[in-house]
Amino acid sequence: MRRPLAPPQLSGPRYNEFIQSQKVRVIDENGENLGVMYTREAIEQAAGVGLDLVEISPNADPPVAKFLDIGRFKYEAQKKANEQRKRQKTQEIKEIKMRPNIDDHDYETKMKKVVEFLGDGDKVKVTMRFRGREMAHGQLGMAVLQRVAAETAEIAKVEAHPRMEGRQMLMVISPK
């Protein structure tokens, strides 16, 4: 059995013969309202000017259509979408790993990185790793994580409070 031919899928607004309504409100290339007219008549007028009839607002009653160059219209819409995608900032989760008996200088170096990540707008997951007998002294790791939270309180908020997961304690902080 053969499949019946389906109309091609349109990407973007309907134009010319793809407009389904009988009447449309027409706006010419200069932005002037020409009023409500039959779609066939509007397509002929647009072709007379060398443009396409593009459906701008399909949900209106009657739908609003405008005289445009469809190729240029799609190109500009694509450029605008690409520009918005480029400007969009994705928030990443950066991870800083520490040990419960971390030395002061090492702690300060890690804190500089935490502040830098928060300044870039990223979340920071602070991981406290316990090895061997350190597991018996969870309060040391908790103290270090609370110190991190206290030092970043002005620029960040604690999103996930410290909790144990196996041999490590996790805390997530995000920029305010």
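Guide: The terms are taken up below, each with its definition.

Guide: This is a predicted model, in which local features need pLDDT of at least 70 and side-chain atom pairs count only at pLDDT 80 or more, while totals for chains, interfaces and linings use all residues. Residues are numbered from 1 along each chain as its sequence is written, and side-chain values use heavy atoms, with hydrogens and water left out.

Visitor: Why is the pair of Tyr-15 and Phe-18 called edge-to-face?

Guide: Rings of Phe, Tyr and Trp (its six-membered ring) pair if their centres lie within 6.5 Å; planes under 30 degrees apart count as stacked, over 60 as edge-to-face and the rest as tilted. The ring centres of Tyr-15 and Phe-18 are 5.4 Å apart and the planes stand at 75°, so the pair is edge-to-face. The structure holds one aromatic pair.

Visitor: Why is Tyr-15 called buried, and why is Phe-18 called partly exposed?

Guide: Buried means under 20% relative accessible area, exposed over 50%, and partly exposed in between (1.4 Å probe, protein chains only). Tyr-15 has a relative accessible area of 19% and is therefore buried. Phe-18 has 24%, so Phe-18 is partly exposed.

Visitor: What makes Arg-147 a charge over the ring of Tyr-107?

Guide: The criterion is that NZ of Lys or CZ of Arg is within 6 Å of the ring centre and within 35 degrees of the ring normal. The charged end of Arg-147 sits over the ring of Tyr-107, 3.8 Å from its centre. Lys-23 likewise lies over the face of Tyr-38, at 5.1 Å from the ring centre.

Visitor: What makes β2 and β3 edge strands?

Guide: Strands (E, at least two residues) and helices (H or I, at least four) are DSSP runs, numbered from the N terminus. Two strands pair if DSSP finds at least two bridges between them. The open sheet of four strands has the order β2-β1-β4-β3, with mixed pairing. Each of β2 (33–38) and β3 (52–57) pairs on one side only.

Visitor: How do you know that β3 and β4 pair?

Guide: Five bridges join β3 to β4 (residues 64–68), and the two run antiparallel. Within this pairing, Val-54 stands opposite Lys-66 in β4.

Visitor: Which strand is joined to β5, and how many bridges are there?

Guide: Strand β5 (residues 93–98) is joined to β6 by six bridges, and the two run parallel. Strand β6 (residues 123–129) is mostly covered, with five of its seven residues buried.
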